[in-house]
Amino acid sequence: MELDELKNELNKKFAADKNKSAADIAALLKKQTVSVVRKLQRSLWFDLLANILVLFLFIWQGLYNASWALRVYFSSFIVLSVAALIVLIYLIRKINALNNTILPVKQNLESIYTIVREYKTRCFQLTMLLIPFCIAFIFVLAYVENKSGHQFDDLIDKLNDRAWILYTAIVVYVSMITIGIYYFTKWWLKKLYGKYLDQLKLLIAELEENSY
């Protein structure tokens, strides 16, 4: 809806400003681009803060969780969380640097669009790749932890011929978690970056059209 509103706003302003100079039109587009870039920057900062909170959660769980398996699990992802923070800090600094250069507005926007779109794409791909790894990892850790007390084997023995119920429940649970993470990740990335990237793409096209 926001993208349609931006299109309508631009069309109305261009229709009203037909008699204005190219400089006036360029100034109008620049004002719009500054607004969209600032929204992207806010999203990056929000993402950074969210990752910092997640890092503290991982550290806390890695140190104090009562389960040995969960302590190992959360501790293992501290490195990944730190890597994500480094990438986000780099992106924020890069966009700030681009905004402070004397390159043409369109060239700056294209660079920002490419960088943030690449980050959004890689985030989604990495999340999807991590899902099976995370699920397998936690099951292995849980099995190793329970093996020492033979809890898992005792449960299988109790179920006997009905063990398929447990396996089916695990498959259904894993499937639901996977589907939930898939749609949540798509929604999260679209909310943070997707709609602003669409607006940025529209503004780049308008700049290109009015440069002739």
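Visitor: With which residues is Y73 in contact, leaving aside its neighbours within four places in sequence?

Guide: Y73 is in contact with C134, F137, I138 and L141 once those neighbours are left aside. Contact means heavy atoms within 4.5 Å. This is a predicted model, in which local features need pLDDT of at least 70 and side-chain atom pairs count only at pLDDT 80 or more, while totals for chains, interfaces and linings use all residues. Residues are numbered from 1 along each chain as its sequence is written, and side-chain values use heavy atoms, with hydrogens and water left out.

Visitor: How far apart are Y73 and F137 in sequence and in space?

Guide: The two are separated by 64 residues in sequence and by 7.6 Å in space, C-alpha to C-alpha.

Visitor: Why is Y73 called buried?

Guide: Buried means under 20% relative accessible area, exposed means over 50%, and partly exposed lies in between (1.4 Å probe, protein chains only). The relative accessibility of Y73 is 15%, which is under 20%, so Y73 counts as buried.

Visitor: Why does W68 have another label?

Guide: W68 stands at 37% relative accessibility, between 20% and 50%, and therefore counts as partly exposed. Beyond residues up to four places away in sequence, W68 touches L141, V144 and E145. W68 and L141 are 73 residues apart in sequence and 8.4 Å apart in space, C-alpha to C-alpha.

Visitor: What makes the buried residues of α3 lie on the same side of that helix?

Guide: Helix α3 spans residues 68-76, and its buried residues are A69, Y73 and F74. They cover an arc of only 120° around the axis, which puts them on the same side of α3. The arc is that of the directions from the helix axis to the C-beta atoms. Helices (H or I, at least four residues) and strands (E, at least two) are DSSP runs, numbered from the N terminus.

Visitor: How do you know that S67 caps the N-terminal end of α3?

Guide: A side-chain oxygen of S67 lies 3.3 Å from the backbone nitrogen of A69. A polar contact requires a pair of N or O atoms within 3.5 Å, one able to donate a hydrogen and the other to accept it. The 3.3 Å distance falls within that limit, so the cap meets the distance cut-off.

Visitor: What makes a set of residues a nonpolar core?

Guide: Such a core is a set of buried Ala, Val, Leu, Ile, Met, Phe, Trp, Tyr and Cys residues joined through side-chain atoms within 4.5 Å. The largest one has 27 residues, of which L40, L44, I112, V116, Y193 and L200 touch the most other members. Two or more residues come from each of α2 (22-64), α4 (78-99), α5 (105-147) and α7 (163-209). The greatest share, nine residues, is given by α7. Apart from this core lies another, of seven residues, among them F58, A69, Y73 and L141.

Visitor: Why is S43 called buried?

Guide: S43 has a relative accessible area of 6%, which is under 20%, so S43 is buried. S43 is found in helix α2. Residues up to four places away not being counted, S43 touches L192, Y193 and Y196.

Visitor: Which helices each supply at least two residues of the lining of the largest pocket?

Guide: They are α2, α3, α4, α5 and α7. The most, 11 residues, is given by α5.

Visitor: How many helices and strands are in the chain?

Guide: The chain has seven helices and zero strands. Of its 212 residues, 30% count as buried.
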